Amino acid sequence: MRRALFATWIAVLVLFDSGCHAEPLPIIRQDISVVLAPSSGRLAGETNVLLAGGDVRKIFFRLSPAATVTSVSTGHKKIPFSFSDGLLTLSGVWGTSITIRYECVFNDPLPDRIISTEDPTYGVQAVIAPSGVFLGDGVGWYPEPETVPGERMVSVDAPEGFEAVTAGECVKRGTSGGRTVSTWRITAPLPGISVSAGPYRVSERRETGRTLAAYFYAENALLADRYLGSAAEYLSFYEKLLGPYPFPKFAIVENFLPTGYGFPSYTLIGSTVIRLPFILGTSLPHEIVHNWWGNGVRVDYSGGNWSEGLATYLADYLLEEKKSPALGREYRLKILADYASLVSSQEDFPLARFTGRTEPSSRSIGYGKAAMVFHMVRRMIGDDAFYKALRTVYRERVFREASWDDLMRAFSAASGKDLIPWMDQWLKRPGGPQIALREVKARREGDGWLVSGFIVQAAAARYKISVPLRLKTRSGDVAATVYMRGERTPFLIAAGAEPSRLLLDPDVELFRILSPEELPPTVNRIKGSRNFTLVRTASCRARDETLRDLLSSLGQGEVSMVREENLQSDVFRDHDILFCGVPRSEEKWPLLLPQLTIGADGFTAEEKRFAGAGDALLAIGKHPVDPGRTAAVFLPMSPSAAEACALKITHYGKYSYLAFSDGKNRVKVTLPVQGGESVVDLGGADE
């Protein structure tokens, strides 16, 4: 997004130039050399640009506004230049080679504590520090020309043991005289490049003609083999599915912040994240897929960012589906539950306006809803056409931009169906269909049965969708599909045996807005609440500052925190509630599962007793007064137990109750739901 804005800015400047500046000349090669001083945050840089030739009178580069340009020359001749607001303008340039020398300090402050993970940058876009270096592709750490060079060579000189990594292929690495230097060749036409560096242990292997590498800090170096092995498997899988991997290497790089970034040919994963065992099956394949979608085929942001949804679908979701259909269904249901829990009508917006996540609601739209749209397309046209279309887009547009329209044209061509009109309702409108079963009746008809009724959707929605139904009978299931065009669509299903239940979208194949009755009480219901209060009871063992951290991590940092004796009845009735400690009034107790027993001296979860000083529980249930709301209990057995788990709870969004011991999760459970108006009991017995 920053790059698109910069390109527009440069175009405007060129348009209003005196007229002596024509189309930018092609750049054959750019050599970038930087010397890093982590102790002071300083970078000293030199770049040499080789132009294709011609009489050049003016040329532009983008560079950090905080930089100092010390000299610009061609050969031994100095070139006049001006530098203002990050724009370096060279005038009267003759010849084909330009050398620019500059200095800059990059010292974005590192957060002391990570309270919320919703901003994936943590405010850090450019930092050179003893803990590590991160210079993003939009910060101007090198003079960035108007046109992408045909080839770039990047040399990074750092203190001994400070290894650097960037896009492309490492052609030389060595240490001498107390300095470690690496040189990288980049031949892919990337609009911008990032660089990371730190006191890494480097592990490498060659797999099918490319380099796999791990850049890990010493304490995590033993994880390198596992990550490299998993990366090799994922790359092989996705090459068969999508086409040849577009880069000469793939590297897993450890970061000093808990990030999950995907850059061309490498991923940057935080130290606290990289140790989590599930990252090998979630974040790693997601970032690998981005080398095809987002970093290989780039996003045309003018019509929305489709790459996060596609990466989510092909990695996070597809790998679960490959394990079992049940896990695939569970993931799709999680997408719908997250959307219904986290996206309010005030925060909702069309997919065509998604550019990147900034909070839970935008993530649910751009990652979750978009993934479900890709699932619906795949279900409509079949696997062969779906993956054929993706391979076509990749082959034709690698290192170029693509839009939602480009994808939909490819899906249409591969399937012989015009999907673009169908797609408009998903891209250009916020929200989704809210559908329910109504007036469902079963009657005997000769030797069989007929089940009739209506599927209804909100009048303002009117989505055109194919709704799957499943009728359960004594002799088996009967499947049917109802094509909805308007607010109220009738259906009639014939069965040979007595029906017991009718289920709407039983396998969760549609993107739709779940009703409150279809949602389990979960952590995400707290995160998405718009009327929320924390109540401190007399038995609460958490410090106020810990509770504030908990609220902030859940996106509820501004809500009120009251003592139980001061809780007004109208606030209790009209708000989602989180009690710290056991409420004195039984009438205020959240409606929890009977197998979860809670007392002031401890609790039992999944038949395990927790009563130690390091134990803590978070349990979310239904509100005792308003079943459409949630009520929850946070029960730490000591202040230290509360502090150890408070900032971790937000990462367990899909769960209804969580038990911790000394900050480590021991129990996590999601409560079942009854189905609301998507399930109708008809009285008969199942098979």
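The legends below describe close-up views of a predicted model, taken one region at a time.

Residues are numbered from 1 along each chain as its sequence is written, and side-chain values use heavy atoms, with hydrogens and water left out. Because the model is predicted, local features need pLDDT of at least 70 and side-chain atom pairs count only at pLDDT 80 or more, whereas totals for chains, interfaces and linings use all residues.

View 1. The chain averages a pLDDT (the predictor's confidence in each residue, from 0 to 100) of 89, and 93% of the residues score at least 70. Helices (DSSP runs of H or I, at least four residues) and strands (DSSP runs of E, at least two) are numbered from the N terminus. Among the elements of the chain, the lowest mean pLDDT, 36, belongs to helix 1 (residues 2-15), and the highest, 98, to helix 8. Over residues 1-21 the pLDDT stays under 50, and for this segment the model has 25 contacts (heavy atoms within 4.5 Å) beyond four places in sequence.

**View 2. Helix 5 against helix 8.** Helix 5 (residues 307-323) packs with helix 8 (residues 383-397) at an angle of about 130 degrees, their axes being 13 Å apart; axes are lines fitted to C-alpha atoms, for helices over the stretch in contact, and angles run from 0 to 180 degrees between N-to-C directions. That angle makes helix 5 oblique to helix 8, on a scale where angles under 35 degrees count as roughly parallel, over 145 as roughly antiparallel, 65 to 115 as roughly perpendicular and the rest as oblique. The crossing of helix 5 and helix 8 is left-handed, a term used if the near helix is turned anticlockwise from the far one by less than a right angle, with right-handed used if clockwise. From helix 5, L310, Y313, L314 and L318 meet F386, Y387 and L390 of helix 8. By class, the residues of this contact divide into seven nonpolar, no polar and no charged, where Ala, Val, Leu, Ile, Met, Phe, Trp, Tyr, Cys and Pro count as nonpolar, Asp, Glu, Lys and Arg as charged, and the others, Gly among them, as polar.

View 3. On the helix 7 side A370, V373, F374, V377 and I381 meet W404, L407, M408, F411 and S415 in helix 9, giving nine nonpolar, one polar and no charged residues.

View 4. Seven strands form an open sheet in the order 31-30-32-37-36-38-39, with mixed pairing; two strands pair if DSSP finds at least two bridges between them. Strand 31 (561-563) and strand 39 (664-669) stand at the edges with a single partner strand each, so one side of each is left without a neighbour in the sheet. Neighbouring strands of this sheet are turned by 20 degrees against each other on average, direction ignored. Strand 36 (residues 615-622) and strand 37 (residues 630-636) run antiparallel and are joined by seven bridges, with V633 in strand 37 as the bridge partner of A619. Helix 12 (residues 544-553) packs on the sheet, touching strand 30 (532-536), strand 31, strand 32 (576-580) and strand 37, and its direction makes about 160 degrees with that of strand 30. Helix 14 (residues 639-646) lies across strand 36, strand 37 and strand 38 (657-661), running at about 125 degrees to strand 37.

**View 5. The hairpin of strand 24 and strand 25.** Strand 24 (residues 435-445) and strand 25 (residues 448-457) pair in the antiparallel sense over nine bridges, and R443 stands opposite L450 in strand 25. The hairpin has two residues between the strands, and G446 takes a positive phi near 65 degrees.
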